[in-house]
Amino acid sequence: MAELVPFAVPIERDKTLLVWELSSGPTAEALHHSLFTAFSQFGLLYSVRVFPNAAVAHPGFYAVIKFYSARAACRAQKACDRKQLFQKSPVKVRLGTRHQAVQHQALALNSSRCQELANYYFGFNGWSKRIIKVHCSPWKQYGQEEEEYLSDFSLEEEEFRLPELD
């Protein structure tokens with residue numbers, strides 16, 4: 001079954017992973033890099049955020065990882081839970097469970113995130129924010145004689161620009 005991946009900031013619980021029991025040895029930046037490397041193999045990541053454990057807990061870190069795809073998040077959770085990904089002790093990985101009392105309106109992605117998402121799923125790295133040229137071939141309308149075609153037209157770059165999304 002296909003999954004719809006909207007061009008919106010992922011806020012759903014099934015796209016969010018909580019990773020804990022991260023070692024206190026490396027810095028938060030080093031853990032961020034290790035987590036990004038380990039989890040990006042399952043799908044495109046929206047964000048990786050690393051936080052220190054609360055003062056009442058043992059020293060270490062936990063992380064919140066957001067995927068664009070719920071399917072990718074589920075695969076990552078199953079593959080990484082209780083595994084030694086990049087440290088000597090296993091990590092715990094769970095899908096987000098925070099219940100939302102209020103439904104939030106989906107926020108649109110900025111243009112660079114839209115391009116990143118399109119590049120990942122469509123496999124292309126050369127998107128443009130403007131129409132460079134449109135060319136329509138002549139065609140025959142129903143009931144017209146062979147000679148009566150609509151004419152060509154072109155739309156040049158200087159005549160039309162899409163508005164910025166940012």
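The legends below describe close-up views of a predicted model.

**View 1. Helix H1, residues 28-39**. Helix H1 has 12 residues, and at 1.5 Å a residue these should span 16 Å. The C-alpha atoms at the ends of H1 are 16 Å apart, which agrees with that expectation.

**View 2. Buried and exposed residues of H1**. Leu31, Leu35, Ala38 and Phe39 are the buried residues shown in H1. Because these residues cover an arc of only 80° around the axis, they sit on the same side of H1. Glu29 and His33 are exposed on the other side of the helix.

**View 3. Packing of the buried residues of H1**.

**View 4. The open sheet of 4 strands**. The strands follow the order S2-S3-S1-S4, and their pairing is antiparallel. S2 and S4 are the edge strands, each of which pairs on one side only. From one strand to the next, the twist averages 15°.

**View 5. Pairing of S1 with S3**. These two strands pair in the antiparallel sense over 5 bridges. Leucine 18 has valine 64, in S3, as its bridge partner. In general, the strands of a sheet pair through backbone hydrogen bonds, in either a parallel or an antiparallel arrangement.

**View 6. Helix H2 across the strands**. H2 lies across S1, S3 and S4. The helix runs at about 150° to S4.

Technical notes: Residues numbered from 1 in each chain as written. Predicted model: local features only at pLDDT ≥ 70, side-chain atom pairs only at ≥ 80, totals over all residues. Heavy atoms only, no water. Expected span 1.5 Å × (residues − 1). Buried < 20%, exposed > 50% of the residue type's maximum accessible area, 1.4 Å probe, protein only. Arc of directions from axis to C-beta. Contact = heavy atoms within 4.5 Å. Pairing = 2+ DSSP bridges. Axes fitted to C-alpha atoms, helices over the stretch in contact; angles between N-to-C directions.
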